[in-house]
Amino acid sequence: MATDGFYPSDDPRERQQWQIVDALRRYGTDSTRLAHAFAAQHKLRPVDLFALVAIMSAEGAGAPLTPGQLQAHLGLSSAGTSYVIDRLESSSHVRRSREDADDNRKVRLRYTQDGMRTALAFFGPLGQSTTAVLAQFDPDELTVITRFTEAIAHAMNAHVERA
């Protein structure tokens with residue numbers, strides 16, 4: 001069975017790189033499984049969780065999403081995106097917010113307190129485990145890890161956008 005380029009050679013650097021990529025692959029698979037478990041437990045669809053993560057990330061970065069930005073992120077039609085937002089709003093995960101004093105038509109998507117409590121109840125233990133793992137690294141190592149994870153996230157997003 002020819003596996004040239006798929007599995008690492010005996011070169012230590014190549015083997016280490018393969019271990020990193022393999023860990024990321026396993027992380028991605030487990031992350032997807034976790035997303036499906038959360039969605040099933042809360043009677044949501046996996047796309048709803050993808051929307052929730054996008055809304056949370058944007059709000060955490062100080063730039064809450066508009067429905068149009070969420071639509072572009074999810075790759076859904078306008079109607080499909082509205083349906084996702086309606087589902088998330090009716091389940092008290094998110095709310096539509098009109099906070100632009102100059103343009104009341106501009107809507108931003110915000111997490112609700114109920115949505116945050118629900119997410120923390122499910123993902124809180126994972127957050128605690130992640131914090132414990134990160135505590136094992138010194139500030140210089142965390143700088144490298146941050147640079148690496150940001151670069152990997154960007155590369156993954158670029159690949160998804162091309163797919």
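**A look at the aromatic residues**

Analyst: Leaving aside residues up to four places away in sequence, Tyr-7 touches Glu-14 and Trp-18, where contact means heavy atoms within 4.5 Å. Before going on, keep in mind that this is a predicted model, in which local features need pLDDT of at least 70 and side-chain atom pairs count only at pLDDT 80 or more, while totals for chains, interfaces and linings use all residues. Residues are numbered from 1 along each chain as its sequence is written, and side-chain values use heavy atoms, with hydrogens and water left out.

Back to Tyr-7, then: this residue sits in the segment before helix 1. Helices here are DSSP runs of H or I with at least four residues, strands are E runs of at least two, and both are numbered from the N terminus. With a relative accessible area of 45%, Tyr-7 is partly exposed; that label covers the range between buried (under 20%) and exposed (over 50%), using a 1.4 Å probe and protein chains only. From Tyr-7 to Gly-60, the C-alpha atoms are 38 Å apart in space, and the two residues are 53 apart in sequence.

Now for the ring pairs. The structure holds three aromatic pairs. Rings of Phe, Tyr and Trp (its six-membered ring) pair if their centres lie within 6.5 Å; planes under 30 degrees apart count as stacked, over 60 as edge-to-face and the rest as tilted. Take Phe-38 and Phe-123: their ring centres are 5.1 Å apart and their planes meet at 35°, so this pair is tilted. Because Phe-38 belongs to helix 1 (residues 12-41) and Phe-123 to helix 5 (residues 113-134), the pair ties together parts that are 85 residues apart in sequence.

Which of these two rings is tucked away, and how far? Phe-38 counts as buried, at 2% relative accessibility, whereas Phe-123 is partly exposed at 23%. Phe-123 also pairs with Phe-122, this time edge-to-face, with 4.7 Å from centre to centre and 75° between the planes. Put together, ring pairs link Phe-38, Phe-122 and Phe-123 into a cluster.

One backbone detail to check while you're in there: Lys-43 isn't a glycine, yet has a positive phi of about 55°. Lys-43 lies in the loop between helix 1 and helix 2 (46-60), and counts as exposed at 74% relative accessibility.
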